[in-house]
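Take a look at it first, and then we can walk through its insides.

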Amino acid sequence: MADFETILGGIGLKVTPVALERAYEDSGSFLGRLWSQNRDVPVVEHVRAILAAVDAGLPARVPADAMTALVDVYAAPALLVPPSVDPGARAALARLQSQGVALALLSNTMRTPGVVLRQVLQRLGVGEYFAHTTFSDEIGVRKPDPEIFALTLRALQVDAAAAVHVGDDPVLDVLGARRAGLRVIQVTSASLKALGAQRPDAVIPSLATLPDAIAQLSES
């Protein structure tokens, strides 16, 4: 938000830090309502929501180049402080790729858009393994809606029955993938038996054991 203040000040729009911080929090309510319906919007709409929370007429007074600058600084934190990666991810993905398995990544985005997440994946050394990536801010649909799974499968030209979804969330990943007709492997420390009626087809504690888990599913 400090960068927002600088950019807006540079075009003659004075906005206080307190107003920007409050607007940032208010934009979370807008996004939360949208996300609760399994819908999403491009990240520029996040920025517009922040500006509108300061002043309803503010978005219309920001020229295109300044809006682009605002979007860039809004999306940048994940590049400055990247997330950690599962230690077993690279080796597991490389092994699956070498076996001819088509790999795709589909993800709900939060404040960080897909265009930046792709850069993060490349920096972490795992982006190269995915033949396709689907991010909710780019397609307007979020997990657990079956459409985000269907769009990804169509991009890979793979039938749902032949695919396996891997994720950690019991609703977004397990329930969502099942509704879309995929088998599911859940990343969790819980046992398969402990997960109850809505349990996945298999569980793994980390991605290191993913290739073996997929091989076992293929044999069953």
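A nonpolar core is a set of buried Ala, Val, Leu, Ile, Met, Phe, Trp, Tyr and Cys residues joined through side-chain atoms within 4.5 Å. Buried means under 20% relative accessible area, exposed over 50% and partly exposed in between (1.4 Å probe, protein chains only). The model is predicted: local features need pLDDT of at least 70, side-chain atom pairs count only at pLDDT 80 or more, and totals for chains, interfaces and linings use all residues. Residues are numbered from 1 along each chain as its sequence is written, and side-chain values use heavy atoms, leaving out hydrogens and water.

The largest nonpolar core has 22 residues, and L93, L103, V126, I185 and L210 touch the most other members. Helices (H or I, at least four residues) and strands (E, at least two) are DSSP runs, numbered from the N terminus.

| Element | Residues |
|---|---|
| helix 8 | 114–123 |

Helix 12 provides the largest share, 4 residues. Apart from this core lies another, of 20 residues, among them V15, L31, I50 and L51.

Now for helix 8. Its buried residues are G114, V116, V120 and L121. After helix 8 comes G125, with a positive phi near 80 degrees.
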